[in-house]
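Visitor: Hello! I am new here and would like a friendly tour. Could you show me the structure, please?

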Amino acid sequence: EVLLTYIAFLHAAMGNAYSTIQNKIRAIRQHHLMAGLGDPLQQKPRMWLAFKGLKRLSPTTARKFPVTAEMLADVRSRLSPFDDHGSVNREREPYTGSHRNDTVLWGAISTAYFWLLRSSEYGVHDSRGGPDWTKILLGDDITVEEALATLRIRGSKTDQYNLGCVRTHHRSGFGDLCPVGALAALFRCFPTRRAGQSEADLPL
């Protein structure tokens, strides 16, 4: 009864997915076994029926296709951001309404693509009311030099021990499709977001 109530709570109140609920129940089983107790999942036919029902209620997984360099180039062709030398094509209408905003958008997209970031590591989810401060990139987390850029990723969904990691990219050599150039242009537009400056503790 306790396990069934817990499963119902996770699904109805917490909104957990089928796979997440399975993992939590298996964690309970593992703790019991490590403590030398019996397997709490044995002789529980109603619990397995509940799992079958949850699986039927679960939406089909929407498989996502990978983003390609061609797709990235198409996005860039629609924008009119500043480059890392401070130049911009004034004849092209900015997609977001301003060249500075286009620079921010292109910087975010380039950074996410080349450093394989999850959305919570570089953006804010509208429904959550703010960034996840343990994960989101801050100005202090980024160092841009002439030929390379280095990111300190403080936390990630895949970093179970929250040890963080440091990743470096060199200039790509492919014109506009360069994460170093995109970040350099971003910091040229917003110099106070650079590491050590007045807004360096804010999200990039």
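Visitor: How many aromatic pairs does a search of the whole structure find?

Guide: Welcome! Please keep in mind that this is a predicted model. A pair of aromatic rings is described by the distance of the centres and the angle of the planes. Searching the whole structure gives a count of aromatic pairs, and that count is three.

Visitor: Is the pair of Tyr18 and Phe51 stacked or edge-to-face?

Guide: The ring centres of Tyr18 and Phe51 are 6.1 Å apart, and their planes stand at 80°. Planes over 60 degrees apart count as edge-to-face. With an angle of 80°, the pair of Tyr18 and Phe51 is therefore edge-to-face.

Visitor: Which helices does that pair link, and how many residues apart are its members?

Guide: Both Tyr18 and Phe51 are buried. Their pair links distant parts of the chain. Tyr18 belongs to helix H2 and Phe51 to helix H3, and they are 33 residues apart.

Visitor: What kind of pair do Trp48 and Phe51 make?

Guide: Trp48 and Phe51 are three residues apart in helix H3, which separates them by about one helical turn. Their ring centres are 5.8 Å apart and their planes are at 35°. An angle under 30 degrees would count as stacked and one over 60 as edge-to-face. At 35°, the pair of Trp48 and Phe51 is therefore tilted.

Visitor: Let us turn to helix H2. Within what arc do its buried residues fall?

Guide: Helix H2 covers residues 18-34, and its buried residues are Tyr18, Ile21, Gln22 and Ile25. Looking down the axis of H2, we see these buried residues on one face of the helix, because they fall within an arc of 105°.

Visitor: What do the buried residues of H2 pack against, and which exposed residues are on the face turned away?

Guide: The buried residues of H2 pack against helix H1 (2-12) and helix H3 (45-57). The face of H2 turned away from its buried side carries the exposed residues His31 and Met34.

Visitor: Why can the buried residues of H1 be placed on the same side of that helix?

Guide: The buried residues of H1 are Leu3, Ile7 and Leu10. What covers them includes H2 and H3.

Visitor: How many disulfides does the count come to?

Guide: A disulfide is a covalent bond between the sulfur atoms of two cysteines. The sulfur of Cys165 is 20 Å from the closest cysteine sulfur, in Cys178, and that is too far for a bond. For the sulfur of Cys178 the closest cysteine sulfur is in Cys189, at 16 Å, again too far for a bond. The count of disulfides comes to zero.

Key:
Residues numbered from 1 in each chain as written. Predicted model: local features only at pLDDT ≥ 70, side-chain atom pairs only at ≥ 80, totals over all residues. Heavy atoms only, no water. Buried < 20%, exposed > 50% of the residue type's maximum accessible area, 1.4 Å probe, protein only. Helix = DSSP H or I, 4+ residues; strand = E, 2+ residues; numbered from the N terminus. Arc of directions from axis to C-beta. Contact = heavy atoms within 4.5 Å. Phe/Tyr/Trp six-rings, centres within 6.5 Å; stacked < 30°, edge-to-face > 60°. Disulfide = S-S within 2.5 Å.
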